[in-house]
Amino acid sequence: MKRYRILSFDFDSRAHSLEPVQDHWEEKIKEQHIENQKRCVEGLKIQYGERDINNKIQNFIDLKHKPFSVAAFHNKFLEQIRNAYVVGSYYPALTGACSLGERILNHLVILLRDYYKDKTEYKKVYRKKSFDYWPLTINALGSWEVLLPEAVSKFQELSEKRNRAIHFNPEIDHNDKKLSLEAIHLIQDIVQIQFSAFGNQPWCFCVPGEMYIKKDWEEKPFVKHIFIPNSLLVGAKHKIESIVPEYVINDRFDYEDKDISDEEFSELRKKSR
């Protein structure tokens, strides 16, 4: 009767509040947006310092929002990479984005490889403690259907950026900002595609405003190790009593002891709210 609801995630949507006011908006919405902009700018001044603040604000806008992501091994470092870019440390941000991509690949291969001992790729990755040859890890994770096809494509693009950034290339002296932003957007796309807490991944289903793990995916290695730890097993009648300083869930309800489909759970959840 119960399903895992995703409850632990990370995001930063402040960049949306810095978008220009639209002429077709109602006056009240315009006023509210301007107030949100002011609060956001003051927050950025406190966070990054007032020196060269206009460039910092523009860099923050150019980064776009930090995607909704389950709490995993990339969140902390993605935040550090974004901070480096905002303050103008473009080369550290560039190399950081590339290194984070490699770190994610390593984490996934080492964490999950023992589930795929019968696969051809396992023989190539079962001994090593770390990997710096991206095609090997991308191919393994793609073949095991750990990485979604769109994530595979983004990792391949980031691999090219990584080779240009890490190996000596004179052009980096002149376009580090551009390459850095491109690399950060790629790693954010990867996070959005592969780790999103609110997305259309095949292992999730949505009840408006809430994300759950499909029953058939609960034992899949990637979902089991990445998404389940960020979720709570709940029934369709559960209530969130509070979220600060931590989630308090009331699920003291009687449920029938039977299996139901994800669609049936979704309908029961809608009726209970």
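**The largest pocket and beyond**

Modeller: Tyr116, Trp144, Glu145, Val146, Trp203, Trp217, Lys220, Pro221, Phe222 and Val223 line the largest pocket. This is a predicted model: local features need pLDDT of at least 70, side-chain atom pairs count only at pLDDT 80 or more, and totals for chains, interfaces and linings use all residues. Numbering runs from 1 along each chain as its sequence is written, and side-chain values use heavy atoms, leaving out hydrogens and water.

A pocket here is an open set of points on a 1 Å grid over the protein atoms alone, where a 1.4 Å probe fits, with protein on both sides within 12 Å along at least five of seven lines; lining residues have an atom within 4 Å of a point. The largest pocket holds about 170 Å³ of space. That volume is the space filled by probe spheres set on the points, which are joined across faces, edges and corners. Its lining has eight nonpolar, no polar and two charged residues. Ala, Val, Leu, Ile, Met, Phe, Trp, Tyr, Cys and Pro count as nonpolar, Asp, Glu, Lys and Arg as charged, and the others, Gly among them, as polar.

Next, helix α3 (residues 53–63). Helices are DSSP runs (H or I, at least four residues), as are strands (E, at least two), numbered from the N terminus. The axes of α3 and helix α9 (residues 172–194) come within 10 Å and cross at roughly 40°. Axes are lines fitted to C-alpha atoms over the stretch in contact, with angles from 0 to 180 degrees between N-to-C directions. The two helices are therefore oblique: not under 35 degrees (roughly parallel), over 145 (roughly antiparallel) or 65 to 115 (roughly perpendicular). Asn59, Asp62 and Leu63 of α3 make the contact with Lys177, Leu181, Ile184, His185 and Gln188 of α9. Contact means heavy atoms within 4.5 Å. By class, this contact has three nonpolar, three polar and two charged residues.

α3 also packs with helix α4 (residues 75–86), at about 140° with axes 8 Å apart. That makes α3 oblique to α4. Here Lys56, Asn59, Phe60 and Leu63 in α3 meet Arg82, Tyr85 and Val86 in α4. Four nonpolar, one polar and two charged residues make up this contact.

Two backbone details remain. Lys64, in the loop between α3 and β3, has a positive phi of about 70° although it is not a glycine. A cis peptide bond joins Val244 and Pro245, with omega about 5°. Pro245 sits in the loop between β7 (239–242) and β8 (248–250).
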